[in-house]
Protein chains: 2
Amino acid sequence: MALIVQKFGGTSVGSVERIRAVADKASVAHRTGAQVVVVVSAMSGETDRLIALAKNITPRPNPRELDVLLATGEQVTIALLCMALEASGQRARSYTGAQVHILTDSAHNKARILDINGQRVRQDLDTGMIVVVAGFQGVDKKGNITTLGRGGSDTTAVALAAALKADECQIFTDVDGVYTTDPRIVPEARRLDRLTYEEMLEMASLGAKVLQIRSVEFASKYNVPLRVLSSFAEGGGTLIAPEDASMEQPLLSGITVNRDEAKLTVLGVPDKPGIAAHILGPIADANIEVDMIIQNVGADGTTDFTFTVHRNDYDRALESLEKVARDLAARGVEGDNKIVKISVVGVGMRSHAGIASKMFRALAEEGINIRMISTSEIKISVVVDEKYLELGVRTLHSAFSLEKSST
Amino acid sequence: MALIVQKFGGTSVGSVERIRAVADKASVAHRTGAQVVVVVSAMSGETDRLIALAKNITPRPNPRELDVLLATGEQVTIALLCMALEASGQRARSYTGAQVHILTDSAHNKARILDINGQRVRQDLDTGMIVVVAGFQGVDKKGNITTLGRGGSDTTAVALAAALKADECQIFTDVDGVYTTDPRIVPEARRLDRLTYEEMLEMASLGAKVLQIRSVEFASKYNVPLRVLSSFAEGGGTLIAPEDASMEQPLLSGITVNRDEAKLTVLGVPDKPGIAAHILGPIADANIEVDMIIQNVGADGTTDFTFTVHRNDYDRALESLEKVARDLAARGVEGDNKIVKISVVGVGMRSHAGIASKMFRALAEEGINIRMISTSEIKISVVVDEKYLELGVRTLHSAFSLEKSST
């Protein structure tokens, strides 16, 4: 018998009507013969309401007590969902994080799951019940209530699926799956039937904010098949699962865009050991995160050192660099915050060397100048002028025929 | 070191400001050197809000899930109160009913406390913390969340006080203690410094709705000294404690009034065994509760049988009696729903026979006709016409000099 874990976020349980709709979805799955566990978040707005209550008491609430407070949000949802299930003739039982022994460390407000004892859930499932579990919360080994931080309900669902050895963990969201690229840029963008964890991680971190990165990592670690589905529309969604060796992989899965970057270059720095640390040290000290870093082979004993930061940090980074440049007797500092990063992602490129050249050629044919290049095993990213964003993405989407199904 | 349990109801924690005031009261007690445990209810309105949510889902919510839902009410309060305590520099820790192992039976929505393990609370108290416990809720032996029913927070407080062998259980309410009678009727009514459990039970069941009867029974069973205090005013309140043999007891503690009764009489029924059951059987079958029952010695082989019911049940009871009267060939049925019951209560009357005659004489001197009389060990109740309510209570209050302190 199949065992499915379904997760519904705050918007999906945001009203009595929507809770009833979630009950219907769970019942439908149950009637197909599957065992069903449902993980839910607090109703949308509830967590913010509770935080506002706490902030009315004190600007810096005690973290342990904030968890006690916030955990009530999901507790309300699990009770209401079970009532809706029972009212529709379906047997159901709710569990808080503590009741189902979602053991976490004691890092209040951002706890990590250590272990889940699935025995009690399994017993209920075996009697034909739908089991409803509060997401986002757990309990430490002393019995204190903890929360996993925002988005933690995804992690709860994946962890439960792993503990129960579920056949699938279905994450219901407000989109109906993962697309080859942003459909607002490329109307021909196609919903992907399947992705690997690695691809999803690259897609997520590059801006396709469908799933929490942590939950994808968790799913990957325990080989839990994840499916992204819409709460509001029908459809099979996108399955995120281990690479299937028997299938021919498409070369590329998708194209992502990051509009939030800015680029900085220190020109003509002495090409000797320790330079990178010297330049990036003050940036790190200022708590500015660096994304791409490029240093070309130098000529005449000097080199140009380029990196990207979040656009919000651009001014602070520039200021910091000007001081560094003087110290290093560099030729100068250049910056540009009108750039975007476009990346192509796909496990297929591991076995196919031609992707990069095809990508660069396609962009060149449209007269798009590439300002920076960075690669990983399953991703190639280029930085181009902001004005080329739409043209660049459309060109690549078409060049790699992503609008056509690979199966 | 003294150990005090303080209980604050929904009105006392109904807003952020009031929660801060509760934190102050607990801190003041703590600064006197006492160990302090605080039991709180849900913020006023919160339980009704949650019930409305449930009723929106289904008219008859699953009882187990209703408890999961309602238990969030107090959980919010304990977290906010601990935040307020911590923000004021006081160390504090909250516990849900489940966390502090308030073990109950599995009767959802009206569970009874079976046991409390006070160990964890005691450990925290010994480190100087104020411990805050959610009232009204517990956990059954399978780990299911239960609630004790409305007013259950009083019971939680008393049970905790018993388990911790507390020196006093302080119930903060919107009145500043228990009075000799209703001050709206007798402006000279005096706050009592001290009452026995038995007196409080008679006072409570007769209409002085300051404390839940169940919590007084519980306190009596475990000899927990209870103190009724105002959340909003200063003052020592009323102590409810075991009878103090070393003190001279006042004859009477108070006078209570019940306006909700109606009186019914079956006239001229045959005076033979089984008559009472024959008359009251149909009343019980109709789920009508009977309060006082009087049957006088009969003359000429017949007797009159009189009893009182709640006024809301008067019409139904009358209808049922008319049928019974025909079956029994009784002379007829009489009823009166314009009556009140006035009772004098006091453990002192055990050792003083003159109370009843003094009571009846005082009423007679004012021309108040007594329609029924009923007595218990520490109480004498009379039924009089409704129009004599104020006059009767004032006459008795003055006759027994209740306006004067006995100490």
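**Note on a predicted two-chain model**

1. Chain A contains 11 helices and 20 strands; helices (H or I, at least four residues) and strands (E, at least two) are DSSP runs, numbered from the N terminus. The structure is a predicted model, in which local features need pLDDT of at least 70, side-chain atom pairs count only at pLDDT 80 or more, and totals for chains, interfaces and linings use all residues. Residues are numbered from 1 along each chain as its sequence is written, while chains are lettered from A and ligands numbered from 1 in the order in which they are written.

2. On confidence, the mean pLDDT of chain A is 91, and 96% of its residues reach 70 or more. Here pLDDT is the predictor's confidence in each residue, from 0 to 100. For the model, ipTM is 0.82 and pTM is 0.84.

3. Along the principal axes, the C-alpha atoms of chain A fill a box of roughly 80 × 55 × 30 Å. Chain A is divided into domain 1 (3-173) and domain 2 (244-407), with bounds that come from an automatic or database domain assignment. Between the C-alpha centres of these two domains of chain A the distance is 39 Å.

4. Of the 407 residues in chain A, 48% are buried. A residue is buried if 20 or more other C-beta atoms lie within 10 Å of its own, exposed if 12 or fewer, and partly exposed in between, with C-beta atoms placed from the backbone. Contacts between residues 24 or more positions apart make up 74% of those in chain A with a separation of 6 or more; two residues are in contact if their C-beta atoms, placed from the backbone, lie within 7 Å.

5. The largest nonpolar core has 237 residues. Such a core is a set of buried Ala, Val, Leu, Ile, Met, Phe, Trp, Tyr and Cys residues joined through C-beta atoms within 7 Å. Leu81(A), Leu160(A), Leu81(B) and Leu160(B) have the most contacts inside this largest core. Because domain 1 (3-173) and domain 2 (244-407) of chain A both give residues to the core, it lies between them.

6. The relation between the copies comes next. Chain B is superposed on chain A by a rotation of 179 degrees with 0.1 Å of shift along its axis, at an RMSD of 0.2 Å. The two copies are thus related as by a two-fold rotation axis. In chain B, Thr72(B) has the C-alpha nearest the axis, 2.7 Å from it. The superposition is by least squares on the C-alpha atoms of residues with pLDDT of at least 70 in both copies.

7. The contact between the chains takes 26 residues from chain B and 26 residues from chain A. On the side of chain B that touches chain A, the elements giving two or more residues are helix H1 (16-31), helix H2 (46-57) and helix H3 (63-87) of chain B. H3(B) provides the largest share of that side, 14 residues. The copies meet through the same surface, because 100% of the interface residues of chain B are also interface residues in chain A.

8. Thr58(A) lies in the loop between helix H2 (46-57) and helix H3 (63-87) of chain A. Thr58(A) counts as partly exposed, with 18 C-beta neighbours inside 10 Å. Apart from neighbours within four places in sequence, Thr58(A) is in contact with Met83(B), Ala84(B) and Ala87(B).

9. Gly118(A) is placed in the loop between strand E5 (113-116) and helix H4 (119-126) of chain A. Gly118(A) is buried, having 21 other C-beta atoms within 10 Å. Beyond its neighbours within four places in sequence, Gly118(A) is in contact with Ala163(A) and Leu164(A). From Gly118(A) to Leu164(A) the C-alpha distance is 5.9 Å, although they are 46 residues apart in sequence.

10. Most residues other than glycine have a negative phi. His101(B) is partly exposed, with 18 other C-beta atoms within 10 Å, whereas Asn223(B) is exposed, with 11.
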